[in-house]
Amino acid sequence: MLRSRRINLKFACRLYVIEGLITILWAIACIFLVPKNYETAYFLNEEDRSIMRQRAEQAEAYSGGNGHVTRADIKEAAKDVKSWIHGCIQIAVVTILYGFGTFLPIIIRYGFKYSTKQAQYLVVPVNLWGAIVYAVGAYLSDRFSTRFLPMIICAPIGIAGYAILITPVSPGVWYFATYLVATACFLCTGSNITWLSVNNAPDGKRAASMGILLTLTNIGGVPGYLIDHNDL
């Protein structure tokens, strides 16, 4: 048992190293691939730039910002309780997302006692279901101009999923519970980010608030790893 845990730990460490290297390489590539603004975007023609210019002027008139983050914006974002409340919410939801998304194949393989091949293909429909829920939830959220409602509906479903996972039932029921968890973890993560974004102005403060939220988000990876790894 101890040897198995050590093997799993080595695998997890290698996985994080590989994912980290991919992130670093992609970040370096983005320096050269991502344009600074619409004026320098190589994939836009003159008509597209004209449309983007009009949209930028309208956005500036609406938000009151100038497209830059100032020290005053950062202070305002830090003093706004919404930045920290949504950040704490994000820690909670990504604790599920990071652990669930990373370790689901291993959980199915060793926790549910399926074979390696079964674990690989059983992950696919769970993630597909999560993507469908995310898309439908995003559409309804925009359609009815509400970010809170999809979260409050889906969050209890995820809680029910985890309640089943810690209950001594059959592997089939455990596998069904992963769909319940997927219903909540993907949608709640994205909805919370959008919820904070649309409730902040001007754009400088919005950017600073998002920076606070995303910084706090990474904290969720620590308990997410420990919870799911210790359950293997």
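These notebook entries record what I looked up in a predicted protein model.

**Entry 1: ground rules.** I noted that residues are numbered from 1 along each chain as its sequence is written, and that side-chain values use heavy atoms, with hydrogens and water left out. Because the model is predicted, local features need pLDDT of at least 70 and side-chain atom pairs count only at pLDDT 80 or more, while totals for chains, interfaces and linings use all residues.

**Entry 2: the whole protein.** I looked up the secondary structure and found nine helices and zero strands. Helices (H or I, at least four residues) and strands (E, at least two) are DSSP runs, numbered from the N terminus. Of the 232 residues, 32% count as buried. Buried means under 20% relative accessible area, exposed over 50%, and partly exposed in between (1.4 Å probe, protein chains only).

**Entry 3: aromatic pairs.** How many aromatic pairs does the structure hold? I recorded four. Rings of Phe, Tyr and Trp (its six-membered ring) pair if their centres lie within 6.5 Å; planes under 30 degrees apart count as stacked, over 60 as edge-to-face and the rest as tilted. Phenylalanine 112 and tryptophan 174 form a stacked pair, with 5.7 Å from centre to centre and 25 degrees between the planes. This pair links distant parts of the chain, 62 residues apart: phenylalanine 112 is in the loop between α4 (81–111) and α5 (116–143), and tryptophan 174 is in helix α7 (residues 171–197).

Entry 4: Is phenylalanine 112 buried or exposed? It counts as buried because its relative accessibility is 5%. Leaving aside neighbours within four places in sequence, I found phenylalanine 112 in contact (heavy atoms within 4.5 Å) with Ile107, Leu165, Pro171, Trp174, Tyr175 and Thr178. I next looked up the largest nonpolar core, which has 18 residues. A nonpolar core is a set of buried Ala, Val, Leu, Ile, Met, Phe, Trp, Tyr and Cys residues joined through side-chain atoms within 4.5 Å. The residues with the most contacts inside the largest core are Phe100, Leu104, Ile108, Phe112, Val126 and Tyr175. The elements that give two or more residues to this core are α4, α5 and α7, and its largest share, seven residues, comes from α4. A second, separate core of five residues includes Val93, Met151, Ala184 and Cys188.

**Entry 5: helix α5 and beyond.** I found serine 141 in helix α5, and it is buried, with a relative accessible area of 3%. The side chain of serine 141 makes a polar contact with the side chain of arginine 147 (2.9 Å). A polar contact is a pair of N or O atoms within 3.5 Å; within protein, one must be able to donate a hydrogen and the other to accept it, and residues adjacent in sequence count only if both atoms are side-chain atoms. Alanine 138 is also found in helix α5, but is partly exposed at 31% relative accessible area. I noted alanine 138 and glycine 190 as 52 residues apart in sequence and 8.6 Å apart in space, C-alpha to C-alpha.
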